[in-house]
Amino acid sequence: MTAPGIRNGAPVEDGDDLDVEEALALVREPKDDGTGPARDTRHAEPHPHAPAERHRATPWPQARETAARAARAARSSRAARPAGTTSATGPAPRHTPVSVPLVDALGLVLAAPLDALTDLPSFDTSAMDGWAVAGPGPWAVREGGVLAGHSQPAPLTDGEAVRIATGARVPADTTAVLRTEHGRTDAQGRLHATREMVHGQDIRPRGQECRSGDQLLPVGTQITPAVLGLAAAAGYDTVTVVPRPRAEVLVLGDELLTEGLPSEGLIRDALGPMLPPWLRALGAEVVAVRRIRDDARALHKAITASTADLVVTTGGTAAGPHDHVHPTLERIGAELLVDGVKVRPGHPMLLARTRDDQHLVGLPGNPLAAVSGLITLAEPLLRTLAARPAPEPYTLPLTEAVHGHSYDTRLVPVVLRGDRAVPLHYNGPAMLRGIAAADALAVVPPGGARQGEETELLDLPWATGGIGVCFT
């Protein structure tokens, strides 16, 4: 970490210290032709314009749009290729719409319209417990009753009534349903209405909600619990959906422990437990989580062998002696779409197209910086691959001022309290204490935000109260 004070001739703001990975990322510069991945300049003389290197990173809003645009291109590439064929660089991930049981469809997006398979309701039904009556009262009450799930009852004649349950078939020639609380019987057992009735009262007529063939929901509708209920009511056992994009996580590093206390220079791996459920919350199917030592050959093998739509790596995106992500991407001929983003934390994140229909998101190794990479690059890419709608942007005023970076966006964990956002501390690149308590991330523009200033917020998947809380 750079000591507070003066950096590049300018005062350093509080909380603006670079971590090691970010500092190393700043010594990378583009190839001479400006078209390929950055070359390693660790052993070169300092560039005379080194401070400007930061500005070659992609602005944060543009990085998110680049990720979404890359996903749209990948979907177009898949759609243009017959199912089961292979791309020039490997097998194609599944891309055609799939039919899934209702129980597995939550959170997916309809790839075919949901058309009514029958009238709803499919027969005249009682909307209330009470009596089905015919003609004006008082009525003679028929013995027995009509229950839901039974076959068509015998017709009623004028002056006749029969007990009926909610959801039961209404007998033919029924005038109305008299609610239980609106009827009384006299000493002779005849039924009287205690308030005025109208024709058709409390009867749900056949086809009231829809007729067979009506479009209930269009292509592109995200499947919520209510959509599942509607599909079931309309007679569906399965629905045709856009499949979940598949993600593979590669956790890089020799220094990571999977259990026990940190010791002897080793640290606990926080990203291995955190990333898979977070990716699932973003709509992905996590097909594998692999731990890879700081070995370039092992990383090359893992990336080239993957058939996932998205490969997510952790760490190794800077220019240190064991940072193998950039050299590996260059070796396999990947196209770097984003190589550094003007955002803190998370500056050294990257997005690469490894095949026509596969992308790699390289996350920084520090935990909160990795979260920033997920939100910036993985979320828009996965959302677009899954054809899920973008969340509606919204703003709230901040309860206190937030220091900003001179020229980068900052993502700051906040909790929501009524109609205001409360910034949380412990928001350094290596810290998870703030984000663990957060409801959202505040998008703080360069220069910072004043107390009471309206600031864009990005909800965390589990804080929205929506389907994103389903991590299984």
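The conversation below takes up these topics in turn.

Mentor: Please keep in mind that this is a predicted model. Ask whatever you like.

Trainee: What is the mean pLDDT of the protein chain?

Mentor: The mean is 83, and 81% of the residues of the protein chain reach 70 or more.

Trainee: And where does the pLDDT fall below 50?

Mentor: Residues 1-18 are one such stretch, with 31 contacts in the model beyond near neighbours in sequence. Residues 20-55 also stay under 50, and for them the model has 71 contacts beyond four places in sequence.

Trainee: Which elements have the lowest and the highest mean pLDDT?

Mentor: Strand E1, residues 6-7, has the lowest mean at 32. Strand E30, residues 420-423, has the highest at 97.

Trainee: Let us turn to strands. Why is strand E31 described as largely enclosed by the rest of the structure?

Mentor: Strand E31 spans residues 440-444, and five of its five residues are buried, so the rest of the structure largely encloses it.

Trainee: Which residues lie on each side of E31?

Mentor: Ala 440, Ala 442 and Val 444 are on one side, while Leu 441 and Val 443 are on the other. Both faces are covered, as all of these residues are buried.

Trainee: What does E31 pair with, then?

Mentor: Strand E29, residues 409-417, pairs with E31 in the antiparallel sense over five bridges. Within that pairing, Arg 410 has Val 444 of E31 as its bridge partner. E31 also pairs with strand E32, residues 454-459, again in the antiparallel sense, over four bridges. There, Ala 442 stands opposite Leu 457 of E32.

Trainee: Now the sheet with E18. In what order do its strands run?

Mentor: The order is E6-E18-E7, three strands in an open sheet with antiparallel pairing. The edge strands, each pairing on one side only, are E6 (98-101) and E7 (109-110).

Trainee: How many bridges join E7 and E18?

Mentor: Two bridges join E7 to E18, which covers residues 238-242.

Trainee: A last topic: side chains. How many aromatic pairs are there?

Mentor: The count is zero, taking ring centres within 6.5 Å as the criterion for a pair.

Trainee: Which arginines lie over the face of a ring?

Mentor: Arg 169 lies over the face of Phe 123, at 4.4 Å from the ring centre. Arg 433 lies over the face of Tyr 426, at 4.0 Å from the ring centre.

Technical notes
Residues numbered from 1 in each chain as written. Predicted model: local features only at pLDDT ≥ 70, side-chain atom pairs only at ≥ 80, totals over all residues. Heavy atoms only, no water. Phe/Tyr/Trp six-rings, centres within 6.5 Å; stacked < 30°, edge-to-face > 60°. Lys NZ or Arg CZ within 6 Å of the ring centre and 35° of its normal. Pairing = 2+ DSSP bridges. Buried < 20%, exposed > 50% of the residue type's maximum accessible area, 1.4 Å probe, protein only. pLDDT = per-residue confidence, 0-100. Contact = heavy atoms within 4.5 Å.
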